[in-house]
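Please have a look at the sequence and the model before reading on.

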Amino acid sequence: MSSVDVVDELFITVPPSTLAASLADPASWRAYWPDLELTVYADRGAEGLRWTVAGALVGTMELWLEAVLDGTVVHYFLRAERPGEVPFTPREAQRETVRRQRAQKKVAFTWKDMFEAGRPVGVAP
């Protein structure tokens with residue numbers, strides 16, 4: 001098991017293909033995850049992306065976009081370690097996991113605000 005293991009999900013009322021097209025732009029990744037260097041190892045199109053992670057952490061990250069009802073459930077996974085030979089202590093790993101959970105929730109709500117802006121409640125995207 002990875003020292004840092006983050007799982008998050010959020011429903012956004014937008015089709016997966018729309019979300020995937022926006023999130024596929026490497027220029028946007030730096031804004032969302034500024035201290036991580038991401039390299040795509042699986043581009044799943046409308047189902048999302050999988051990356052290897054370097055920089056502040058070393059491991060893997062995934063956005064799985066699942067079509068549900070009139071929108072998308074965005075599943076986020078980050079499994080990583082501290083780079084180098086000195087591993088996280090259990091306390092450091094817990095702190096880093098919580099920090100990453102909070103940061104990802106902020107990113108997810110940024111996407112929700114961006115994609116659902118101006119959409120009246122109850123109206124399909």
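This is a predicted model: local features need pLDDT of at least 70, side-chain atom pairs count only at pLDDT 80 or more; totals for chains, interfaces and linings use all residues.

Residues are numbered from 1 along each chain as its sequence is written, and side-chain values use heavy atoms, with hydrogens and water left out.

**The whole chain**

- The chain holds three helices and five strands; these are DSSP runs numbered from the N terminus, with helices being H or I of at least four residues and strands being E of at least two.
- Read from the N terminus, the order of elements is β-α-α-β-β-β-β-α.
- Along the principal axes, the C-alpha atoms fill a box of roughly 50 × 25 × 25 Å.
- Of the 125 residues, 38% are buried (buried is under 20% relative accessible area, exposed is over 50%, and partly exposed is in between, using a 1.4 Å probe and protein chains only).
- Among contacts between residues at least 6 apart in sequence, 55% join residues at least 24 apart, where contact means heavy atoms within 4.5 Å.

- Five strands form an open sheet in the order 1-5-4-3-2, with antiparallel pairing; two strands pair if DSSP finds at least two bridges between them.
- Strand 1 and strand 2 (36–43) are the edge strands, each pairing on one side only.
- From one strand to the next, the twist averages 20 degrees; axes are lines fitted to C-alpha atoms, for helices over the stretch in contact, and angles run from 0 to 180 degrees between N-to-C directions.
- Nine bridges join strand 1 and strand 5 in the antiparallel sense.
- Leucine 10 has valine 74 in strand 5 as its bridge partner.

**Helices on the sheet**

- Helix 1 packs on the sheet by touching strand 1, strand 3, strand 4 and strand 5, and its direction makes about 150 degrees with that of strand 4.
- Pro16, Leu19, Ala20 and Leu23 are buried in helix 1 (residues 16–23).
- Seen down the axis of helix 1, its buried residues fall within an arc of 100 degrees, so they line one face of the helix; the arc is that of the directions from the helix axis to the C-beta atoms.
- The partners of these buried residues include helix 2 (26–32) and helix 3.
- Helix 3 lies across strand 1, strand 2, strand 4 and strand 5, and runs at about 20 degrees to strand 1.

**Glutamate 96**

- Glutamate 96 sits in helix 3 (residues 90–116) and counts as buried because its relative accessibility is 13%.
- Leaving out residues up to four places away in sequence, glutamate 96 touches Val4, Leu57 and Phe88.

**Arginine 30**

- Arginine 30 is placed in helix 2 and is partly exposed, with a relative accessible area of 46%.
- The side chain of arginine 30 reaches the backbone oxygen of leucine 36 at 3.5 Å.

Key:
A polar contact is a pair of N or O atoms within 3.5 Å; within protein, one must be able to donate a hydrogen and the other to accept it, and residues adjacent in sequence count only if both atoms are side-chain atoms.
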